[in-house]
Amino acid sequence: MNKLKYFTVILILFLNFFGASYSQSLDQVHKISKNLRCLICQGQSVYDSNSDFAISMKLLIKKKINEGRTEKEIYEFLKNRYGEWVVYDPEINKNTILLWLIPLILFVFGGLLIVRKVSIK
Amino acid sequence: MNRNFKIIFSVILGLSIFFVLLKGLESTKQYSPLNTSNKIDLNIYFQSLFDEKEYSIRELANKKNFMLINIWSSWCLPCREEHSYLMKLKKNNINLIGVNYKDNSNNAKVFIKEMGNPYTTILVDVDGTKSIELGAIGVPETYLVDSFESKVLKKYIGPLDQKKIEEIISILKK
């Protein structure tokens, strides 16, 4: 009877441990695949898509996580193969400088407007 | 003065947004193999379809400078069309390596039996992850690889045709 108790406790701990580590790696796969563009679908992320390409990509991400690669390394790995276009995170270069600067300009301009309004009152 | 400024500013802002979007319309941001890097990792190990041993692509390069990697599948219709051109390439004594993509191994073997085997070795990629490591997005795809420098010289996405195999042969003759 005692043995059975020990066995159940160990079994429960064991299952919990595996369940936790499994869901953790799955969460990471979801997080990474949401930041990747599915290259053969229009306007979908790898996470959203169920194409063969996206399914394999998710499997590969999972493998890489289990190998102990970090999120950044996985993005680098994929950028090396598919180019900058695969990630939803444009680098700052001469094509994207406007994209990065416009929000900043609008922010400063809005701030100025507010300051002026307040000081007029 | 203040009112004028606001009107002028909003007109300028509207126009600049209009032109940015107009310019965006012209360029289609479709994925193209041209804007990817041309490095390839040849140290990926694959299982072989026929003898169940593991090989890396570097081993299969067989110390020759050039090789062709073709990703195919028995369920893929364009691969069937492409196959006769691969058979033509075989006559030119080219080191052609097949990667069998997400396929049932029996179907793959039947396909080869039916259509002929143009490949020096056929490797298996059961879940598609290895093709992603090679930088593929689907089937069929063919890469002309310089194995000394681990570089992809030419990437063909979609089935090969007469024009493309002539191009491959002319590159290899140089």
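Angles under 35 degrees count as roughly parallel, over 145 as roughly antiparallel, 65 to 115 as roughly perpendicular and the rest as oblique. This is a predicted model, where local features need pLDDT of at least 70 and side-chain atom pairs pLDDT 80 or more, while totals for chains, interfaces and linings use all residues. Residues are numbered from 1 along each chain, and chains are lettered from A in the order written.

Let's start in chain A. Helix α1 (residues 2-34) and helix α2 (residues 52-66) of chain A cross at roughly 125°, their axes coming within 9 Å, so α1(A) and α2(A) are oblique to each other. Helices here are DSSP runs of H or I, at least four residues long; axes are lines fitted to C-alpha atoms over the stretch in contact, with angles from 0 to 180 degrees between N-to-C directions.

Now over to chain B. Helix α3 (residues 77-91) and helix α6 (residues 162-173) of chain B pack at about 25°, with axes 10 Å apart, which makes α3(B) roughly parallel to α6(B). On the α3(B) side, B:Tyr85, B:Lys88 and B:Leu89 meet B:Gln162, B:Ile165 and B:Ile168 of α6(B); contact means C-beta atoms, placed from the backbone, within 7 Å.

What about the two chains together? 14 residues of chain B are in contact with 14 residues of chain A. The largest nonpolar core has 45 residues, and A:Met57, B:Leu89 and B:Leu96 are among those with the most contacts inside it. Such a core joins buried Ala, Val, Leu, Ile, Met, Phe, Trp, Tyr and Cys residues through C-beta atoms within 7 Å, buried meaning 20 or more other C-beta atoms within 10 Å of the residue's own. B:Leu96 touches B:Leu89 too, along with partners including B:Leu68 and B:Pro118.

Note on methods: Two residues are in contact if their C-beta atoms, placed from the backbone, lie within 7 Å. Helices (H or I, at least four residues) and strands (E, at least two) are DSSP runs, numbered from the N terminus. A residue is buried if 20 or more other C-beta atoms lie within 10 Å of its own, exposed if 12 or fewer, and partly exposed in between; C-beta atoms are placed from the backbone. Lists of a residue's contacts leave out its neighbours within four places in sequence.
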